[in-house]
Amino acid sequence: MRGYPPAGVSIMAGSGGVICVALVSRQFVDMFRVRIEGYLAAFPKLVGTGKQHTYVETENVRYVYQPIESLYFLLVTNKLSNILEDLETLRLLSKLVPEYSYSLDEEGICKTTFELFFAFDEVISLGHKENVTVEQVKQYCEMESHEEKLHKLVLQSKINDTKDVMKRKAGEIDKNKIEKNRGEKGGFMSLQSMGSGRIDTGFGSDTNLSSLGGGGFGSGSGFGSSTDLDSFSTKSKGLYLLYLINVLCL
């Protein structure tokens, strides 16, 4: 028969032999958070400075702890639990900390919080200690799940599809912008061409003036040319001379 399960485990930071604050805590039984926090807050007051005990008891709970360099590894259990089992659980959990935390200080513990939680859950399942070793815990934590692997593949495929769609949409937007710019430039050049056509066929063009001169008032085939004027002047002089001769003869 299994004994009483531990209420929770915590790693607390110490400075100069004085326990300051809990870095990480894992709860294994159904208990209000305020109650667990109260137990953790009371623990530093129960531990004397420089004393190397393995446990300390109150009216309600037993604190089983172990110093690890500047840290304190704490297991909160029921007073009716087996102290030998609690000590064995504490030793196993404390051996897992260096396996997952690259340094035994506040920074190292905080950055590997979830890895430590996963390892602790392999040791204490449903509030009771499992008969496992450190190597087994590491193996269980590193094992690949087929469902998890499949989920990651599906998720990565969706991410890749989304990236492809985004690239295609971006290409279409760039293509539309280029076509729009070409259309605007083409319309502007057409307007310029039409404007230059009006000038070329108007009164200010030498070609149009010469063509007007050739078929209009200044051309040789009209009635305003220099040849017609000379012919008209010669005929007028001849008629005028005949008129004077006739007058003199009379």
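Predicted model: local features only at pLDDT ≥ 70, side-chain atom pairs only at ≥ 80, totals over all residues.
## Aromatic contacts and a surface patch

Residues are numbered from 1 along each chain, and side-chain values use heavy atoms, without hydrogens or water.

Four aromatic pairs turn up in a search of the whole structure. Rings of Phe, Tyr and Trp (its six-membered ring) pair with centres within 6.5 Å; planes under 30 degrees apart are stacked, over 60 edge-to-face, the rest tilted. Two of the pairs involve Y65.

| Pair | Centre distance | Plane angle | Class |
|---|---|---|---|
| F43 and Y65 | 5.2 Å | 70 degrees | edge-to-face |
| Y65 and Y72 | 6.4 Å | 50 degrees | tilted |

F43 sits in helix α1 (residues 33-46) and Y65 in strand β4 (residues 61-68), 22 residues apart. Helices (H or I, at least four residues) and strands (E, at least two) are DSSP runs, numbered from the N terminus. F43 is buried, at 0% relative accessible area. Y72 is buried as well. Ring pairs join F43, Y63, Y65 and Y72 into a cluster.

R26 lies over the face of F117, 5.2 Å from the ring centre. The criterion is NZ of Lys or CZ of Arg within 6 Å of the ring centre and within 35 degrees of the ring normal.

V154 belongs to helix α6 (residues 146-200). V154 is partly exposed, at 40% relative accessibility.

Key: Buried < 20%, exposed > 50% of the residue type's maximum accessible area, 1.4 Å probe, protein only.
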